[in-house]
Amino acid sequence: MPAANAPHFAQFTTPGAVPAGLVPLLAECWTEVSDAGGAAGFPFAPVDPAEVAAAVDRIVAGLDPARSRLVTATVDGALAGWLCLRRDPHPLVAHWGTLHHVQTRLGMRGRGIGAGLVRRAHVIARDEMELEQLRLAARGGTGLEEFYGRLGWREIGRWPGALRLAAGDDRDEILMVLTPL
């Protein structure tokens with residue numbers, strides 16, 4: 001029996017596999033993380049919940065076992081965080097995947113949820129999707145390169161000043177890779 005408060009990880013590979021009640025929880029989490037300044041895809045707070053819900057709907061609609069997986073973490077039945085793992089099916093790049101929208105509910109931070117999600121995605125990518133490497137782009141100035149570095153990822157480059165969060169607040173986009181899987 002799992003310990004109380006231990007995270008449980010699940011993945012969803014098709015739109016029909018995603019429980020209807022999970023979709024609004026994903027949007028709620030994304031809104032919460034974005035409004036708190038999280039680098040999960042919506043850079044300007046406050047975000048429009050309708051825009052976030054539409055983005056979640058697009059992610060869920062695009063789920064496909066070969067190309068796109070949704071990975072969630074729950075604690076005591078409540079959504080604690082989630083991410084999206086994708087691969088481009090083009091033959092030139094089909095051997096690598098990309099992590100998107102890695103996020104943890106604010107009240108769940110510091111409990112290993114984000115690290116657990118990334119580790120679970122690593123296993124799925126290697127063992128189920130047969131990928132050879134994972135990539136991601138992270139917003140500079142948030143400490144994300146250190147977080148991913150502790151999980152075995154390495155920085156492979158930066159796009160200086162690529163992200164403009166506000167006047168005078170340009171951030172690097174940090175390119176990271178996890179290889180071999």
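What follows is a conversation about the words used for this model and the values behind them.

Modeller: Before we start, please keep in mind that this is a predicted model, in which local features need pLDDT of at least 70 and side-chain atom pairs count only at pLDDT 80 or more, while totals for chains, interfaces and linings use all residues. Residues are numbered from 1 along each chain as its sequence is written, and side-chain values use heavy atoms, with hydrogens and water left out.

Colleague: Why are α1 and α2 called oblique to each other?

Modeller: The axes of helix α1 (residues 22-35) and helix α2 (residues 49-61) cross at roughly 125° and come within 9 Å. Helices here are DSSP runs of H or I with at least four residues, strands are runs of E with at least two, and both are numbered from the N terminus. An axis is a line fitted to C-alpha atoms, for helices over the stretch in contact, and angles run from 0 to 180 degrees between N-to-C directions. Angles under 35 degrees count as roughly parallel, over 145 as roughly antiparallel, 65 to 115 as roughly perpendicular and the rest as oblique. The pair α1 and α2 is therefore oblique.

Colleague: Which residues of α1 and α2 meet?

Modeller: On the α1 side they are V23, L26, A27, W30 and T31, and on the α2 side P49, V52, A53, A55, V56, D57, I59 and V60, where contact means heavy atoms within 4.5 Å. The residues of this contact divide into 11 nonpolar, one polar and one charged; Ala, Val, Leu, Ile, Met, Phe, Trp, Tyr, Cys and Pro count as nonpolar, Asp, Glu, Lys and Arg as charged, and the others, Gly among them, as polar.

Colleague: What makes R120 partly exposed?

Modeller: Buried means under 20% relative accessible area, exposed over 50%, and partly exposed in between, with a 1.4 Å probe and protein chains only. R120 has 27% relative accessibility, so R120 counts as partly exposed. R120 is placed in helix α3, where the buried residues include L117, V118 and A121. Leaving aside neighbours within four places in sequence, R120 is in contact with F9, Q11, V71 and E128.

Colleague: Is D76 buried or exposed?

Modeller: D76 has a relative accessible area of 59%, and therefore D76 is exposed. D76 is found in the loop between β2 (68-75) and β3 (78-87), and has a positive phi of about 50° although it is not a glycine.

Colleague: Why does E130 count as exposed?

Modeller: The relative accessibility of E130 is 65%, so E130 counts as exposed. E130 lies in the loop between α3 and β5 (133-139), and its phi is near 55°, a positive value in a residue other than glycine.

Colleague: How do you know that the span of α3 is close to the expected one?

Modeller: The expected span of a helix is 1.5 Å times one less than its number of residues. Helix α3 (residues 113-128) has 16 residues and reaches 21 Å from its first C-alpha to its last, close to the 22 Å expected. Helix α1, with 14 residues, reaches 20 Å, close to the 20 Å expected.
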